[in-house]
Amino acid sequence: ALLGARVLHLVPGLVLSCGVVYALLVAATVAHKCARVPAFVNTIAFGPGTEHTRQRAVDYVASSAAGLYILDTRLTALFVARLMCAWCIVGAGLRLVAANP
């Protein structure tokens, strides 16, 4: 009964952590989609003689580096994966400290 009560106390934190990771992954897809915009704009035909204008638009979109930023760091799937790894290491360390007082 004691083990069940301890596990039951962990459920809200686990649900919250999963929700945060899901939200970060959804937000990271914004950066991925923004990275594909220059290639899409490059395929659009604006008419004859507009190649230079189209290239300037592609360069502008590519250099703007649109996406979601947190503390001046672009949120990507790789960033979220590294963050989850760091959370797991910290969590495991805290668990070891709590188990061996």
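1. Basis. The model is predicted, and local features need pLDDT of at least 70, side-chain atom pairs count only at pLDDT 80 or more, and totals for chains, interfaces and linings use all residues. Residues are numbered from 1 along each chain as its sequence is written, and side-chain values use heavy atoms, with hydrogens and water left out.

2. Nonpolar core. The largest nonpolar core has five residues: Leu24, Ala27, Ala28, Leu75 and Val80. Such a core is a set of buried Ala, Val, Leu, Ile, Met, Phe, Trp, Tyr and Cys residues joined through side-chain atoms within 4.5 Å; buried means under 20% relative accessible area, exposed over 50%, and partly exposed in between (1.4 Å probe, protein chains only). Helix H1 gives the largest share of this core, three residues. Leaving aside residues up to four places away in sequence, Ala27 touches Leu68 and Leu75, where contact means heavy atoms within 4.5 Å. In soluble globular proteins, nonpolar side chains tend to be buried together.

3. Nonpolar surface patch. Leu16, Val20, Met84 and Trp87 make a nonpolar surface patch of about 360 Å². Patch residues have over 30% relative accessible area and no salt bridge, with nonpolar side chains (Val, Leu, Ile, Met, Phe, Trp, Tyr) joined within 5 Å and like charges within 9 Å; a salt bridge is a side-chain nitrogen of Lys or Arg within 4 Å of a carboxyl oxygen of Asp or Glu. Accessible areas come from the Shrake-Rupley method with a 1.4 Å probe; for residues, only the protein chains shown count as cover. Helices H1 (2-35) and H4 (77-99) each supply at least two of the patch residues; helices are DSSP runs (H or I, at least four residues), numbered from the N terminus. Trp87 lies in H4 and is partly exposed because its relative accessibility is 40%.

4. Cysteines. The disulfide count is zero, a disulfide being a pair of cysteine sulfur atoms within 2.5 Å. The sulfur of Cys88 has its closest cysteine sulfur in Cys85, 6.7 Å away, which is too far for a bond. Cys88 is exposed at 56% relative accessible area, whereas Cys34 is partly exposed at 25%.

5. Ala98, in helix H4, is exposed at 58%, and its C-alpha atom is 42 Å from that of Lys33, 65 residues apart along the chain. Arg56 belongs to helix H3 (residues 51-64) and is exposed at 58%. The C-alpha atoms of Arg56 and Ala86, 30 residues apart along the chain, are separated by 40 Å.
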